[in-house]
Amino acid sequence: MKLKDWKESKNKNTAKVSEITRQLALAGIAIIWIFKQTQDGKDVLPKELLGPTTCFVASLFLEILQYLYLSIFLTLFYRIKEANLIKANKTPSDPHPDVSEINVTNENVWIINISYIPWILKVVVLLYGYYLVGSYLVQELQV
């Protein structure tokens, strides 16, 4: 297996984890909604389920944060590299050469690596939310 195949596999699997995490966070919110109670004509969640609800919403927020971060910083990185390459390659006959296929070094790999922080956190927070829901269900079933 070539290194590029490993990278493609990693990209495919991290994308799948993000997709599953998103679906499970939304499913967790739906599961919690089943346990809502009505008090004074208002829908209210049992206080034991506020923690898991917060975890599921936080997981979705961390996903948005991850993609927002990547969108902003990768765009800025591309624009800066593009401007530098255009400046270095500018000729009178071709003032704006195509720079999209030019290779860049891995000097700024930290830009991508930072995005793994919210990626890991969203999975951990989601799992903790399900742990809390499971604990609640075990308590309720024992009564």
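**Salt bridges and aromatic pairs in the predicted model**

E19 is partly exposed, with a relative accessible area of 30% (buried is under 20%, exposed over 50% and partly exposed in between, using a 1.4 Å probe and protein chains only). This is a predicted model, in which local features need pLDDT of at least 70 and side-chain atom pairs count only at pLDDT 80 or more, while totals for chains, interfaces and linings use all residues. Residues are numbered from 1 along each chain as its sequence is written, and side-chain values use heavy atoms, with hydrogens and water left out.

Charged contacts come up first. Side chains of opposite charge can pair when their charged atoms come close. With a salt bridge taken as a side-chain nitrogen of Lys or Arg within 4 Å of a carboxyl oxygen of Asp or Glu, the count comes to three. One of them joins E19 to K16, at 3.6 Å from N to O. Both residues sit in helix α1 (residues 3-34), three residues apart, or about one turn of the helix; helices here are DSSP runs of H or I with at least four residues, strands are runs of E with at least two, and numbering goes from the N terminus. K16 is partly exposed too, at 42% relative accessible area.

E63 takes part in a network of salt bridges with R22 and K122. Its contact with R22 has an N to O distance of 2.8 Å. Because E63 lies in helix α2 (residues 50-89) and R22 in helix α1, this pair ties together parts that are 41 residues apart in sequence. The contact between E63 and K122 comes out at 3.8 Å, N to O. Here K122 belongs to helix α4 (residues 116-142), so the pair with E63 in helix α2 ties together parts 59 residues apart in sequence. As for accessibility, E63 is buried at 5% and K122 is buried at 0%, whereas R22 is partly exposed at 34%.

Turning to the rings, Phe, Tyr and Trp (its six-membered ring) pair if their centres lie within 6.5 Å; planes under 30 degrees apart count as stacked, over 60 as edge-to-face and the rest as tilted. The count comes to five aromatic pairs. Among them, F35 and Y136 have ring centres 5.7 Å apart and planes at 80°, so the pair is edge-to-face. It links distant parts of the chain, with F35 in the loop between α1 and β1 (37-39) and Y136 in helix α4, 101 residues apart. F35 is partly exposed at 28%, while Y136 is buried at 7%. F56 and Y130 make a tilted pair, 4.9 Å centre to centre with 55° between the planes. This one also bridges distant parts of the chain, from F56 in helix α2 to Y130 in helix α4, 74 residues apart. F56 is buried at 0%, and Y130 is partly exposed at 24%.
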